[in-house]
Amino acid sequence: MVISHALILKKNKHMLDFIKVYSPNKENLENHIKSLYDVTCSVDYCTGEINYPCRTYFENIEVRVTEKYSIVRNSIHKFFNLINYNQSNNYTDFYLNDIKSTINTLSEKAGENIDDYKVTNLEFGLNIQTSLPAEKILKKNFLMYNFDGFNQIDTFKKKGYYKQYNRSEYYIKFYDKAKQFKLPYNLLRAEIKIIDSKLLKKFGIYTVRDLTNTSILKALFQFLLDCIEETNIIDTFVGENITAKDKMFLELGKNPSYWLALKENKSASSYYEIRRKYNRTLSNYNLLTVKEEIKSLLIQKFKALIQESEYCEVA
């Protein structure tokens, strides 16, 4: 029996979240925050001299000034909700126009236009409501990333459920947003966190101004879809219609240790051919329906977020 059609599209939408941006021209921001906000600085207890860094907060947004830079960082989605609704969460709707409004508000609070601040870290992701709890889907269907085990799996003392795979330039993260915020509905989040400025530049992201460029957002979304494609998301099965040989192969392939052993003992060409065979076997038995449905929901969600009626670039 194949467990399929587990996911349904509903309303929650979410795109950009955490950002880290900086400017080498710190004087205007430093003077502005020191004149209007409570600012905390380091102090040399021997001399009483005030040292860098100095910091303050615009709601949840950390604003830090060092000897050389001014830095602005944290969740712009939470900032938007705090400013507009006095709520500290990031599971609600957050459209492209909201991103633009948030950047304008940050500029007003900073006393200068932050459009030219350089971007060094960025989170991009989407929330989708599911008919099954996200934790159950993550445990039973999200098995590996690129045939390798997830680097981090955490329950946050039973207050959430989270799987993450780390690469040098980015992290791919999946978690149960509903459990995190005790929501009365199921909510799964898929997210990439880009931590390498070189990768950001490959997408054309240099400054804050680029974060509202629709073409760049589409490129980020395609990257998220590519990461979903690399994730081994496999339908639950019990095997009534699967041959014994194929069932054994499918069961073995659900364990990252199996693929690690193959990689260590087979040639590269043999290893990748077995991977291709595994994916073909999954497809032959129609065991990729959860994966395909997630991709479809994400495409629909992204179209709604950028408020376009058509989005033909995504395969």
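Trainee: Why is C41 called partly exposed?
Mentor: In this predicted model, C41 has a relative accessible area of 23%. Buried would need under 20% and exposed over 50%, so C41, at 23%, falls in between.

Trainee: And what makes C54 buried?
Mentor: Its relative accessible area is 1%. The cut-off for buried is under 20%, so C54 qualifies. C227 is buried too, with a value of 1%.

Trainee: How do you know that a disulfide joins C41 to C54?
Mentor: Look at the sulfur atoms: S to S is 2.1 Å, and the rule asks for a pair within 2.5 Å. By this rule the count comes to one disulfide. The link of C41 and C54 is right-handed, with 115 degrees about the S-S bond.

Trainee: Which parts does the pair tie together?
Mentor: C41 lies in strand β2 (residues 40–43) and C54 in strand β3 (residues 50–58), so the bridge connects parts that are 13 residues apart in sequence.

Trainee: Good, on to the rings. Why is the pair of W259 and Y271 called edge-to-face?
Mentor: Their centres are 6.5 Å apart and their planes stand at 75 degrees. W259 sits in helix α9 (residues 256–265) and Y271 in helix α10 (residues 268–284). Both W259 and Y271 are buried, and they belong to a cluster linked by ring pairs that also includes F147 and F249.

Trainee: What makes K277 count as lying over the face of F249?
Mentor: K277 is at 5.3 Å from the ring centre, and the distance limit is 6 Å. K193 likewise lies over the face of F18, at 4.5 Å.

Terms used. Residues are numbered from 1 along each chain as its sequence is written. This is a predicted model: local features need pLDDT of at least 70, side-chain atom pairs count only at pLDDT 80 or more; totals for chains, interfaces and linings use all residues. Side-chain values use heavy atoms; hydrogens and water are left out. Helices (H or I, at least four residues) and strands (E, at least two) are DSSP runs, numbered from the N terminus. Buried means under 20% relative accessible area, exposed over 50%, partly exposed in between (1.4 Å probe, protein chains only). Rings of Phe, Tyr and Trp (its six-membered ring) pair if their centres lie within 6.5 Å; planes under 30 degrees apart count as stacked, over 60 as edge-to-face and the rest as tilted. A charge sits over a ring if NZ of Lys or CZ of Arg is within 6 Å of the ring centre and within 35 degrees of the ring normal.
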